[in-house]
Each structure stands twice: as structure tokens, then as C-alpha cells.
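Subject: Structure for your review

Dear colleague,

Please find below the structure that I am handing over to you.

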Amino acid sequence: MDKREFLKSLVVFIPAGGVIASLAKQAGAKAPEPAYQAKNHYYGMGIEIDKCIGCNRCVEACKLENDVPQEPFFFRTWVERYTIKKDKSVVVQTVGLRKGKAREIVEQEDVLRSFFVPKLCNHCANPPCVQVCPVDATWSTEDGAVLVDKNRCIGCRYCIQACPYGARYLHPKTKTADKCTFCYHRVVRGLLPACVEVCPTQARIFGDLKSQASRLVRFERLNKIHVLKPDLNTQPKVYYAGLDGEVR
Amino acid sequence: MKVPEQIKRLAVVLFVILAAVLLTRYLIPASVVDPRVYRASSAQREVSKEIKFAGATTCSDCHDDINTKKKVGFHKGLSCETCHGPSVKHAEDPSSGKPFAPRERKFCPQCHEYNPSRPTGFPQIIPTIHNPLKPCITCHNPHDPVPPQVPRECSACHAQIERTKALSRHALLECTTCHSTPTRHKQLPRSVKPTKPESREFCAKCHDTGASRKDAPKVDAATHGSRFLCWECHYPHMPGEA
């Protein structure tokens with residue numbers, strides 16, 4: 001190669017290298033996606049009692065999504081049937097997974113009202129379970145979920161006792177406390193919790209309380225909202241619309 | 001120089017305390033003592049859990065035809081995975097197998113069986129008397145669940161028969177399967193009448209042993225209830241167990 005040829009090819013080579021370098025830079029810049037920012041979110045759930053048909057799809061979906069044992073006494077979410085009699089007595093039954101008591105047709109003269117109430121962890125803003133945990137294994141995330149650290153939990157069941165909503169259970173395999181996480185692994189990816197995803201009547205609504213466009217904020221604005229056991233000052237973030245006075 | 005005994009013992013105690021402080025300070029990992037570290041790792045474990053429900057918007061990316069149909073029907077609010085079950089594997093790799101598709105009769109009553117606790121207005125049936133034994137999908141398309149209708153021309157006047165037949169095992173038969181209707185029947189309903197089956201052989205076309213229709217219950221037409229006509233015992237618009 002003589003000097004002239006070398007200089008000629010140099011003229012082509014240097015800008016080409018620059019183009020390749022800038023392309024590589026662009027490709028590299030695309031790779032790290034904007035990470036999920038917990039501080040921009042604050043999650044809650046709305047439940048519309050008048051829409052729940054007690055079909056238990058949410059319970060089955062939750063068990064599948066979160067590897068909750070299939071035995072009928074481990075639940076992260078469950079559906080209760082309230083039957084209020086004319087003499088003001090109340091019967092509360094959990095809707096069974098297969099054929100259960102609450103699946104039977106009870107139509108008696110003395111029934112005043114009967115309806116279904118889905119229940120789950122209320123993800124309290126002031127959670128008693130977090131206060132009592134002796135090893136700091138359960139805590140509130142910045143985006144409003146109450147989670148359990150399975151590696152720290154020693155299975156003392158203090159939190160199970162402390163929860164006024166009965167939302168926790170001891171997982172028979174890990175022997176640690178387990179509860180609803182609002183499907184945290186789905187939510188941070190922009191998906192809905194499994195129970196909300198499968199609810200056939202939209203009785204469950206999930207949303208971000210920090211976003212004015214969220215369905216939950218609209219749901220709170222349009223309905224008269226109640227929470228369970230408000231007198232305990234746990235400040236639940238599961239909001240019920242159309243809740244009968246008997247349930248509160 | 002002789003060190004007094006009590007100084008030696010004090011030195012041992014001090015050494016033990018110092019060792020304990022150093023051990024707790026430097027040997028126990030931060031993942032056990034520092035909340036910021038163990039919280040982050042716990043959240044990371046929670047986030048990295050496996051997803052099983054793909055979400056309804058994922059399905060319509062490929063199954064747009066079904067979605068177009070479903071979104072105008074009564075089931076528009078249902079997510080696909082409400083019935084088809086968790087399908088994230090199928091969504092990621094469609095060749096890995098099809099999601100569960102419920103076909104048996106016991107599936108739909110999970111939502112649609114009559115239950116007095118269900119909200120008023122929600123469509124409910126009593127499975128023992130609603131068109132017994134047939135899977136729901138013979139009459140209802142789950143993506144657009146509208147019940148099958150008798151032609152309006154017949155039901156306009158014969159609404160009671162229509163309602164009876166709609167719940168019976170003959171629900172899917174057209175009126176004209178058994179009745180042939182002259183057009184003049186509409187103008188002169190009393191003087192020009194539709195035909196009715198006249199002999200046992202008519203029913204035997206489907207119900208005799210060896211008849212070609214597979215789903216019809218079979219009897220031996222030659223011996224079964226010999227001197228009677230079929231409709232003397234069985235009401236054709238609601239053929240029951242009898």
C-alpha cells in the first residue's frame with residue numbers, strides 16, 4: 001500500500017468508525033429501562049360488594065399465582081357469605097373451594113339479606129403485624145404493600161395473632177407467615193393482581209392512589225367508601241363500596 | 001516483673017469484650033443487620049417471583065378475532081384467563097401448548113348457578129332443570145353468550161312453547177324439524193294449520209336403536225310402549241326423563 005492509498009482509505013475509515021461508535025452508544029443507552037420507582041406509587045384496592053357473585057375465581061387465581069397450598073384452610077384472599085336473618089342474627093360462612101356450605105342454596109323466609117364479601121390483607125397504613133414482629137421480618141414498602149421477608153421470619157405467629165382481619169396464615173412448607181402481597185411481583189411490572197385480573201364482574205378494582213387517573217381514585221370519588229374495623233386505626237387500604245353495617 | 005493475678009483476669013475480660021465487639025461489628029454480614037440491605041433483597045426476591053397470569057391485553061395481541069367478538073358481548077368485562085386459566089407460558093411460547101378450555105357442564109355454573117346471595121339481575125340458572133345433561137357450549141358461545149332463539153315468526157304467537165322448549169333437551173331443534181308450516185298459516189292461523197308428526201316412526205327417525213343421530217337417547221321402537229304414540233307419554237317440547 002502506498003502513502004496515497006493509505007490516506008484515502010483513512011478518509012473513509014475515520015468517519016465510519018464514528019458512526020459505528022455512536023450506533024453502539026445508542027444501543028447501549030436503550031438497554032437500561034427506566035427502573036420502577038416505588039416512591040411514585042401508593043397502591044390500594046377497591047371492592048364493590050354489589051358486584052361480587054361469590055364465584056371464587058379470585059381465590060383460585062390467587063392460589064395458582066402465589067403457590068398458596070390448595071388445602072381449603074390456607075388463603076391469601078377468600079370470600080365470605082353473610083346471611084342476615086330477620087331477628088338480626090348473622091351467619092358468616094367462607095365460600096368453599098369445591099362444594100361447600102356457602103355454595104348451597106339457602107332460601108328461607110327469615111332471611112333479610114344475603115351477600116358476598118371478598119376479604120384479603122388490608123395492607124394497613126398503620127399495620128399491627130409490623131409493630132409486633134420481633135425480628136423485623138414484615139414491613140411496609142414505600143408503595144403501600146405490607147410484605148413478609150421469608151428469610152427473616154422465625155414463624156412465631158405473633159403477627160397472625162395480631163392481624164385484626166385474619167389475613168395471615170403459617171405456610172405449611174416454609175413454616176413462615178404468609179399473606180397477600182397485592183401480587184407485588186405483578187404490580188411492579190404494570191400488571192394487575194391475579195384476583196383483580198380474573199374477577200368476572202369487576203367487583204375488585206386495583207389502583208394507584210397517587211395517580212389521579214387511576215380507577216381506584218375514581219372509585220373512591222364515586223362511591224361511599226367504608227373500611228373494615230375503622231375504630232382500630234389501622235388505616236386499611238382495601239376500600240369497600242356498598243358495605244353492609246353488619247360487616248364493619 | 002510479676003503481673004498481679006487480678007490484672008491478668010481483667011485483661012482476659014477486656015479481651016473477650018473487645019473480641020465480641022469486633023466480631024459483631026465486622027463478621028456479621030450487613031444483610032443480617034442493616035435494614036436497608038435486607039429489605040432490598042427481600043423486595044428483590046418478591047419481585048422476581050414467577051408470573052402465571054399473562055393479563056388480558058396480552059391475549060388480544062394474537063387473538064384479535066375473538067377479542068373483537070367478546071368486547072361487544074355480555075362477557076366483555078371478563079379477562080380471558082378467568083375461564084382459560086393462567087396462560088403466561090402459552091403467551092411467551094404459543095407452541096408450548098394451548099391453555100385450558102373448559103367444556104364440561106360443571107364449569108359455567110360456578111358463576112351462573114342460582115344462589116340467593118348473588119346480586120339481583122345477574123343471569124343465573126338451576127342446573128338440574130336448565131337443559132339437563134348438555135354442555136353449556138352446545139347452545140351458548142362463551143365469547144358471546146346469547147341464548148339460542150326460536151325464529152321470531154313462531155315465538156311471536158307461541159311464546160309459551162318457546163320458553164318451554166328453550167330449557168328442554170330439544171332446545172337446539174328448529175320448529176320446522178317437526179312442523180312444516182304453510183306460509184298462509186300466518187294470515188289464517190286457525191284455518192291453515194302447521195303439520196304435526198303423525199306416527200311413531202317420526203320420533204323413531206332419531207330415537208330408534210340404530211338411528212343415525214348419535215346424541216339422541218335410543219329405544220327399540222318396535223317394542224317400546226307398543227300401543228301408544230310417543231307424545232302420549234313424552235311431551236315433545238320438554239322431553240323429560242320419563
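This is a predicted model: local features need pLDDT of at least 70, side-chain atom pairs count only at pLDDT 80 or more; totals for chains, interfaces and linings use all residues.

Two strands pair if DSSP finds at least two bridges between them.

A:Val79 stands opposite A:Pro118, a residue of S4(A). The two strands concerned, S2(A) and S4(A), run antiparallel and are joined by 9 bridges. On S3(A), strand S2 (residues 77–85) of chain A has a further antiparallel partner, and here the pairing extends over 5 bridges. Within that pairing, A:Arg81 stands opposite A:Gln93 of S3(A), while A:Thr83 has A:Val91 in S3(A) as its bridge partner. The hairpin of S2(A) and S3(A) leaves 4 residues between the strands, and A:Lys88 takes a positive phi near 70 degrees there.

Taken together, 3 strands make up an open, antiparallel sheet in the order S3-S2-S4 of chain A. Its edges are strand S3 (90–94) and strand S4 (111–120) of chain A, each of which pairs on one side only. On average, and with direction ignored, neighbouring strands of this sheet are turned by 20 degrees against each other. Helix H2 (residues 57–66) of chain A packs on the sheet and touches S2 and S4 of chain A. The direction of H2 makes about 160 degrees with that of S2(A).

Chain A as a whole

Chain A holds 7 helices and 11 strands. Of its 248 residues, 38% count as buried. Among the contacts in chain A between residues at least 6 apart in sequence, 60% join residues at least 24 apart.

One loop residue may also be noted. A:Thr174 is located between strand S7 (169–170) and strand S8 (177–178) of chain A. The C-alpha atoms of A:Thr174 and A:Ile47 are separated by 31 Å, and the two residues are 127 apart along the chain.

Chain B

Helix H1 (residues 5–27) of chain B contains 23 residues. From its first C-alpha to its last, H1(B) reaches 32 Å, close to the 33 Å expected at 1.5 Å a residue. The number of buried residues among the 23 of H1(B) is 0, so the helix lies largely in the open.

The domain assignment divides chain B into domain 1 (56–113 + 124–138) and domain 2 (152–233). The C-alpha centres of these two domains of chain B lie 33 Å apart. Contact between them involves 6 residues of domain 1 and 5 residues of domain 2. On the domain 1 side, the residues divide into 2 nonpolar, 3 polar and 1 charged.

The contact between the chains

Chain A gives 36 residues to the contact, and chain B gives 27. On the chain B side, the elements that contribute two or more residues are helix H3 (35–47), helix H6 (80–84) and helix H8 (109–112) of chain B. The largest share, 7 residues, comes from H3(B). By class, this side of chain B has 13 nonpolar, 8 polar and 6 charged residues.

With kind regards

Notes
Residues are numbered from 1 along each chain as its sequence is written. Chains are lettered from A and ligands numbered from 1 in the order in which they are written. Two residues are in contact if their C-beta atoms, placed from the backbone, lie within 7 Å. Ala, Val, Leu, Ile, Met, Phe, Trp, Tyr, Cys and Pro count as nonpolar, Asp, Glu, Lys and Arg as charged, and the others, Gly among them, as polar. The expected span of a helix is 1.5 Å times one less than its number of residues. A residue is buried if 20 or more other C-beta atoms lie within 10 Å of its own, exposed if 12 or fewer, and partly exposed in between; C-beta atoms are placed from the backbone. Domain bounds come from an automatic or database domain assignment. Axes are lines fitted to C-alpha atoms, for helices over the stretch in contact, and angles run from 0 to 180 degrees between N-to-C directions.
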